[in-house]
Amino acid sequence: MVVGNETVPTTERLGSERYTRPSRMRTHLLGNRFQTGLVRLLVIYALLILAAFLFLLPFYWMLNTALKPSNQVFTLPPTWIPKPVMWSNFITAFTMQYETDPPVYTYAINTMIVSVNGVVSTIFSSALVAYAFARLEFPGKNVIFLGILSTLMIPFAVVMVPQFIIWQRLGWLDTLWPLMIPHWFGSAWNIFLLRQFFMTIPREYDEAAYLDGASRWHIFIRVILPLSKPALGAVAVFAFVFFWNDFLGPLIILSTPENFTLTLFLANFSVAYRGTPWHLYMAAALIIILPCLILFFFSQNAFLKGITVTDMKG
Amino acid sequence: MTTTGLTPRSSIWRSRRFHDAIVAYAFILPWVIGFILFVGGPIIASFVLSFFRWKMIAPPRFYGLTHYISMVTTDELFRISIWVTFKFVLISVPIGQVLALGLALLLNQRIRLLGFWRSAFYLPAVVSGVAGSVIWVWMYHAELGIVNNGLEMMGLEGRNWLFDREVVLGSLIVKSLWNVGIPMVIYLAALQGLPQQLYEAADIDGAGEVSKFFSITLPMLSPAIFFNVVMGIIASVQTFAEPYVMTGGGPDNATLFLGLHLYKNAFSFLKMGYASAMAWIMFLLIFGLTVFQFRLAGRWVYYEGGER
């Protein structure tokens with residue numbers, strides 16, 4: 001083997017687990033193994049590149065269109081690079097107004113209010129409930145916990161109509177309150193995730209604080225919450241994405257444009273602007289998904305941990 | 001008062017326990033209130049409402065089982081919507097899981113730039129249903145869309161993806177495959193947690209890649225597969241934003257999902273009672289499919305160290 005010295009690290013990196021073990025036909029197999037390893041490597045990267053291309057193409061297509069001058073949107077075949085690059089489309093999309101509708105940033109503010117309320121309140125209330133299930137003993141604990149988990153199966157459609165009627169009776173339709181109040185009481189999924197995490201915190205911390213005379217409330221606030229920052233962060237990023245992207249809730253509650261959230265605005269866009277200006281449509285879509293994209297890039301670990309904090313062995 | 005030495009300790013212990021229970025109930029109180037107001041109460045209300053005819057203007061009128069009967073006898077759209085939803089779930093969930101697992105397997109190889117590839121596949125999962133749908137409407141645009149222009153470059157003929165009743169559901173399924181990031185990450189974490197000894201043992205036995213995948217990887221991943229399938233079904237039965245934004249249920253009701261049909265009845269026609277009845281059917285559908293999954297799970301889900 002001419003390249004014998006070179007093949008050793010390469011094959012090893014490819015995951016040929018058997019390589020290091022002595023084999024009767026080792027010398028015979030080495031060249032063969034190198035070839036199959038190379039083919040395997042090429043196949044893996046080819047698949048990765050193909051998949052990444054397909055997954056990123058919609059983003060590229062959106063960005064490409066968002067940066068085009070309006071007349072280039074309709075040229076055939078479509079151009080892959082906008083020339084000139086119209087950064088001003090984003091400003092237009094962010095400040096444009098349709099007839100008497102408010103400008104887009106009004107929707108952004110509404111969405112921000114709903115999302116921030118949702119994140120803060122659902123984290124705090126879910127953590128409180130999760131703490132009780134992780135640390136305290138009380139009659140009916142298991143039954144109630146199963147009850148909480150089984151609410152995950154309940155489709156929003158079942159509670160949608162009665163909730164709508166409640167808000168209508170209270171006269172709170174077309175305000176942001178119905179999109180905020182229900183989240184003050186914890187969410188099943190977050191309770192579950194946080195309970196799983198709290199159970200990994202050694203009980204000695206609680207006991208030590210307890211012997212020092214701290215109440216359960218103080219233990220929760222001063223001991224458990226500070227130790228749970230990674231889990232709380234993970235729940236927070238997911239909750240933010242959920243509230244930012246929520247559509248059906250705002251759709252049934254909000255009716256005047258001043259109160260719209262971004263998803264409602266976007267869903268109504270092509271209706272409002274006849275003959276859809278696609279470049280502005282895509283610029284608006286990009287603005288709307290940008291906060292979640294930025295959040296993802298800055299807290300990737302929280303996103304990845306948040307999903308896998310659960311013990312799936314149940 | 002008894003005189004044994006143990007009593008004071010045990011009574012302290014008991015009072016601590018009692019105290020803890022009170023605190024615990026106080027701590028879970030938010031969830032209980034929220035449940036009664038926004039989940040439990042509405043569920044009962046929705047069940048009761050499903051036996052009434054109520055169009056918001058006039059007072060509700062008792063209707064018995066009429067809503068449930070008319071679903072199967074007169075409302076042809078309901079039957080269509082159930083069929084559309086079923087087809088979508090039955091096709092998109094399995095393909096989505098295979099794709100998610102395939103991508104996770106790719107990411108689990110020793111590759112460079114893992115973070116980049118992982119982000120690329122995960123990114124669509126943080127895009128809202130509405131924004132994602134809007135992007136795909138533009139992708140699928142008959143003349144200006146990238147899909148048809150790309151096909152043309154390859155010498156293939158495009159279709160009018162969102163206005164052709166033969167392909168429109170397929171177009172929505174493809175869009176749904178774009179959002180496999182979350183199950184993919186769950187599979188990846190499960191793959192990374194697999195015990196290496198099993199593979200080493202299989203190597204000694206001379207097992208090939210394929211047989212290792214089917215006799216080690218797949219059984220060991222079965223809890224993750226089970227979890228993802230259940231969550232995938234629950235979510236996809238409720239599909240709403242995509243048909244609402246991309247097709248409005250058309251063409252020719254080919255994408256009239258159950259969620260969309262229900263929404264239209266409740267908030268366009270204000271048939272609150274009928275919509276509630278349909279919501280209960282949706283609930284039963286999800287419940288039935290989930291119970292079915294749990295029943296099936298005993299046969300194929302392998303819990304390491306579990307008694308099952």
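Is Asp174(A) buried, exposed or partly exposed, and how many other C-beta atoms lie within 10 Å? Asp174(A) is partly exposed, with 15 other C-beta atoms within 10 Å; a residue counts as buried if 20 or more other C-beta atoms, placed from the backbone, lie within 10 Å of its own, as exposed if 12 or fewer do, and as partly exposed in between. This is a predicted model, in which local features need pLDDT of at least 70 and side-chain atom pairs count only at pLDDT 80 or more, while totals for chains, interfaces and linings use all residues. Residues are numbered from 1 along each chain as its sequence is written, and chains are lettered from A and ligands numbered from 1 in the order in which they are written.

**Chains and their contact**

Chain A holds 15 helices and zero strands, whereas chain B holds 13 helices and two strands; helices (H or I, at least four residues) and strands (E, at least two) are DSSP runs, numbered from the N terminus.

| Chain | Residues | Buried share |
|---|---|---|
| Chain A | 314 residues | 37% |
| Chain B | 308 residues | 41% |

The C-alpha atoms of chain B fill a box of roughly 95 × 75 × 35 Å along the principal axes.

The contact between the chains takes 73 residues from chain A and 79 residues from chain B, two residues being in contact if their C-beta atoms, placed from the backbone, lie within 7 Å. On the side of chain A that touches chain B, the largest share, twelve residues, is supplied by helix H2 (residues 26-66) of chain A. That side of chain A divides into 57 nonpolar, ten polar and six charged residues, where Ala, Val, Leu, Ile, Met, Phe, Trp, Tyr, Cys and Pro count as nonpolar, Asp, Glu, Lys and Arg as charged, and the others, Gly among them, as polar.

**Helices**

In chain A, the axes of helix H4 (residues 104-135) and helix H11 (residues 229-245) come within 9 Å and cross at roughly 140 degrees. The residues of this contact of H4(A) with H11(A) divide into eleven nonpolar, four polar and no charged.

Helix H8 (residues 181-192) of chain B has twelve residues and reaches 16 Å from its first C-alpha to its last, close to the 16 Å expected at 1.5 Å a residue, the expected span being 1.5 Å times one less than the number of residues. Because nine of the twelve residues of H8(B) are buried, this helix is largely enclosed by the rest of the structure; among the buried residues are Ile182(B), Met184(B), Tyr187(B) and Ala190(B).

**Backbone details in the loops**

Most residues other than glycine have a negative phi, and most peptide bonds are trans. Asp174(A), in the loop between helix H6 (156-170) and helix H7 (177-180) of chain A, has a positive phi near 65 degrees. In chain B, Leu113(B) has a positive phi of about 60 degrees although it is not a glycine, and Leu113(B) lies in the loop between helix H3 (76-107) and helix H4 (114-122). Leu113(B) is exposed, with 12 other C-beta atoms within 10 Å. The peptide bond from Gly250(B) to Pro251(B) is cis, with omega near -10 degrees, and Pro251(B) is found in the loop between helix H11 (241-246) and helix H12 (258-268) of chain B.

Definitions and conventions:
Axes are lines fitted to C-alpha atoms, for helices over the stretch in contact, and angles run from 0 to 180 degrees between N-to-C directions.
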